[in-house]
Amino acid sequence: MMTNASNRFLSRSELIGFAVLAAIIFIVLPVMLDTFRLNLFGKYLTYAFVAIGLVLCWGAGGILSLGQGVFFGLGGYCMAMFLKLEASTPENTAIQSTPGIPDFMDWNQLTALPVWWEPFKVLPLALLAVVLVPVVFAFIIGVAMFTRRVGGVYFAIITQAFAAILTILIIGQQGYTGGVNGITDLRTLLGWDIRTDEAKEVLYYVNGVLLFVVLFAAQFVRKSKLGRLLIAMRDQEDRVRFSGYNVANFKIFVFCLGAAFAGIGGAMFTLQVGFMSPTLVGIVPSIEMVIFCAVGGRLSILGAVYGALLVNWAKTTFSESFPELWLLGLGGLFIAVVMAFPNGLAGIWAEQIAPRLAKLTKSGGASVPLPDAAKSPAE
Amino acid sequence: MFSDYSMSELGAIFAMQGFAGLILFSVFVLMALGLAIIFGQMGVINMAHGEFMILGAYVTYLMSNFFADYMPALFSMYFFVAMILAFIASGALGLFVEWAMIRHLYKRPLDTLLATWGLSLILQQIYRSVFGAREVGVSIPDWMMGSLPVTDLIEVPINGIFVMVLAVSISLAVYILMFKSVWGRQVRAINQNRVMAGAVGINTEWTDRLTFGIGCGVAGVAGAAFTMIGSTGPTAGQLYIVDTFLVVVFGGAASLLGTIASAFSISQAQSIMEFFLSGSMAKVLTLLTVVGILMIRPQGLFALKLRK
């Protein structure tokens, strides 16, 4: 039964998992929460896009990127640039010395729109850029690193350096990027006001649907031959190479896929939260995105969504009431997840709860088939 | 852009900028040495390295207050006591962390990275609760204040010279430890072949722990030296961690000489470019160059030739 189930696109237990998640996102949360809280959960879900990408890169492929914030940020900035240009009509910006350009450019004595901002006047181009810019960037990094067989901790450090570089660049080039404040005061999308309660609810659902598109794409990759090759590469890279596969190309592909997911998440973040700033790009947010994935379970795409929701919800709750405890809690979470629960929530579910449930119902339902990562996660 | 300056002024600018680069170089070397021991020899990524450094800085801060209050007569010498205590404090914490955490994760380097990041968050919050969120500065003894006039255009600050001297002497000490002491031989033996090293009777577990402790202790000394030229805050360590890792990786992880050479080139490049460009662009260009070179030559500048 096990083998049959794993050949299908969704095994029975996975189908139940997807259905439960869909029910939570599309029914339970909207019924339970007011628009403000719903918008907040929509924001958390945008991080889930990154976490799903990390499940593929890190959990399956063994490539730990500490620079996912770069891709999240690039996607978000592409969206924000379009919205900002739409908000900076000559009528809205009549008080500026140069009307018609974004306000921060005017403050920094720019008198014309930079050339590379021009494509972002058109929505289809901007949407294309949301995916393409992160992917191209990931492709360049991937080709440079993976074809030279740089991996493991070196790759992690270098991606982290990219997160640092992009943050410094954005903050330093205030006139072009809005500097440390980021791109703020975004108003409409093709004339549709994104700040109203109604728009926020619509965007939440759009976000949810996109999340499921990404989830299905990730599931497709995991079930395909590529997904099995990724796991083989993580565990025995040389054997895969000696079997005649080009290891680097698979790694580049999955890294680019993760970047595309992150870019979509970033764009949805901008739409729902209404701004984009370098605080979402740097080293600290990038490594926090890894913890969303680790808490949920680095091998489970559904776990990644729950991880992102749970950690962010805890962050909001605790940092509102006990700001000092939160950092201690987050630090403890990092250590606890790594040392005690390397498979995160999904691992606890698969190893502890699901077997007991199965025993209770006596249906003998298959537990989620998790590859055993406790033995060899990553290296 | 040079037409406004006379030749001698230009020379002075380059000399002063170069000297600023040398101070940055000393700081990089001090920070990177501890990391080169831990990452280079053991392959452990310690993201909390900056926090071990800050621990040393806070120990120095406490000692400077203690001497000022209770032993003002000996105040001029407090720094040397503080340095030793900083080594002991950071080293002891390092030993403990290795015992409690790192030794369980040797086979999972990426997980070590995440766990030590968690440790760094916890340490930051502890510093913030104990010492406050604001940056603290130590009072520098009189003999370290002021600057030495070399020519009438060039002046070099004495605390900068002191930090440089310190960097040189600690590098020498680490060199002697690594290449002349029994411990150093054992560490290098384990680095080359762990199983064989164990077979000839080296206690690999204890050597690992000691190595981690000494690396952290050196970080603590770096932190103590750091107080002489800057103030200390709970998050100061995090600012430098990426730079430091790049220095070590760029130099070739297992090579002490490589670490020093890469610290020199990165710091000089950055401080000279800072004069022509804005500080942030200088940093971006430096980091991009380093990452670019690493993409072409992933093993770093000085790669050890090992038979694997």
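These legends describe close-up views of a predicted two-chain model, chains A and B.

Local features need pLDDT of at least 70, side-chain atom pairs count only at pLDDT 80 or more, and totals for chains, interfaces and linings use all residues. Residues are numbered from 1 along each chain as written, chains are lettered from A in the order in which they are written, and side-chain values use heavy atoms, with hydrogens and water left out.

**View 1. The interface of chain A and chain B.** Contact here means heavy atoms within 4.5 Å. On that rule, 43 residues of chain A touch 41 residues of chain B. The two chains bury about 3,700 Å² between them. Of that area, 83% lies on carbon and sulfur atoms. Buried area is the accessible area (1.4 Å probe) that two parts lose on being put together, summed over both.

View 2. The rule finds 1 salt bridge between chain A and chain B. A salt bridge is a side-chain nitrogen of Lys or Arg within 4 Å of a carboxyl oxygen of Asp or Glu. Arg298(A) pairs with Asp111(B), at 3.3 Å from N to O.

**View 3. The side of chain A that touches chain B.** Four elements of chain A give two or more residues each: helices H6 (123-146), H7 (152-172), H13 (283-296) and H15 (323-339). Helices are DSSP runs (H or I, at least four residues), numbered from the N terminus. H7(A) gives the most, 14 residues. By class, this side has 32 nonpolar, 7 polar and 4 charged residues. Ala, Val, Leu, Ile, Met, Phe, Trp, Tyr, Cys and Pro count as nonpolar; Asp, Glu, Lys and Arg as charged; the others, Gly among them, as polar.

**View 4. The largest cavity.** A cavity is a set of points on a 1 Å grid over the protein atoms alone where a 1.4 Å probe fits but cannot get out; lining residues have an atom within 4 Å of a point. The structure holds 2 cavities of 30 Å³ or more. The largest has a volume of about 50 Å³, the space filled by probe spheres set on grid points joined across faces, edges and corners. Its lining includes Phe28(B), Asp243(B), Gln270(B) and Lys283(B). Helices H9 (236-251), H10 (256-276) and H11 (279-296) of chain B each give two or more residues. The lining divides into 5 nonpolar, 2 polar and 2 charged residues.

**View 5. The second largest cavity.** Its volume is about 30 Å³. Among the lining residues are Met31(B), His49(B), Met53(B) and Tyr240(B). H9(B) gives the most, 4 residues. The lining has 4 nonpolar, 4 polar and no charged residues.

Notes: On a 1 Å grid over the protein atoms alone, a cavity is a set of points where a 1.4 Å probe fits but cannot get out, and a pocket is an open set with protein on both sides within 12 Å along at least five of seven lines; lining residues have an atom within 4 Å of a point.
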